[in-house]
Amino acid sequence: PVPGDRIVGVVATGKGVTIHTRTCQTLESFAATPERFLDVDWDYDAMARSGDMGPMRVGRISIVAENDASVLASITNAISRSDAAIVNLKIVNRQLDFMEILVDVEVRDLRHLSSAIASLRAVSGITQADRARS
């Protein structure tokens, strides 16, 4: 999760509390034990007092783009222009006319991640860019 996501804590034996987005598919495995869920939220006041949103967080973006030699350069340029940093990029499916790509980017918060996604959607050759769900 990145600051701004709606989150929930789950008490896990031997791990303490793990934090997940409320839309995380992993939560389905805990549905039979709702007593393990904790209501948690980001401490925005503490982040504001510190003057920044704390450490950068990694968000994953799923992209569908034309299979063109220049599209990877366009993707990296769009992410760089949005002041985010690529930490991992993987082409998960490549066909003659399109490819599916997963990109992990370092961002400050949900707004920053949304801005990077919006930048990608404006790029010629990209047909879809969304936050990847785990």
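This is a predicted model: local features need pLDDT of at least 70, side-chain atom pairs count only at pLDDT 80 or more; totals for chains, interfaces and linings use all residues.
Strand 4 (residues 57-66) and strand 6 (residues 98-107) run antiparallel and are joined by 10 bridges.

Let us step back to the overall layout. The protein has 3 helices and 7 strands, and along the sequence they follow the pattern β-β-β-α-β-α-β-β-α-β. The C-alpha atoms fill a box of roughly 50 × 40 × 20 Å along the principal axes. Of the 134 residues, 33% count as buried. The accessible surface comes to about 8100 Å², and carbon and sulfur atoms hold 49% of that area. Among contacts with a separation of 6 or more, 61% are between residues 24 or more positions apart.

In what order do the 3 strands of the open sheet stand? The order is 2-1-3, with antiparallel pairing. Strand 2 (16-21) and strand 3 (37-38) are at the edges with a single partner strand each, so one side of each has no neighbour in the sheet. Strand 1 is joined to strand 3 by 2 bridges, and Gly9 stands opposite Leu38 of strand 3.

| Strand pair | Sense | Bridges |
|---|---|---|
| Strand 4 and strand 6 | antiparallel | 10 bridges |
| Strand 1 and strand 3 | antiparallel | 2 bridges |

Val11 belongs to strand 1 (residues 7-12). With a relative accessible area of 36%, Val11 is partly exposed, and that value is over the 30% needed for a patch residue.

Finally, a look at His112, which lies in helix 3 (residues 110-121). Is His112 buried or exposed? His112 is buried, because its relative accessible area is 4%, under the 20% cut-off. Its side chain reaches the backbone nitrogen of Arg108 at 3.0 Å. Leaving aside residues up to four places away in sequence, His112 touches Met56, Ser82, Asp83, Ala84, Glu106 and Val107.

Definitions and conventions
Residues are numbered from 1 along each chain as its sequence is written. Side-chain values use heavy atoms; hydrogens and water are left out. Helices (H or I, at least four residues) and strands (E, at least two) are DSSP runs, numbered from the N terminus. Buried means under 20% relative accessible area, exposed over 50%, partly exposed in between (1.4 Å probe, protein chains only). Two strands pair if DSSP finds at least two bridges between them. A polar contact is a pair of N or O atoms within 3.5 Å; within protein, one must be able to donate a hydrogen and the other to accept it, and residues adjacent in sequence count only if both atoms are side-chain atoms. Contact means heavy atoms within 4.5 Å. Accessible areas come from the Shrake-Rupley method with a 1.4 Å probe; for residues, only the protein chains shown count as cover.
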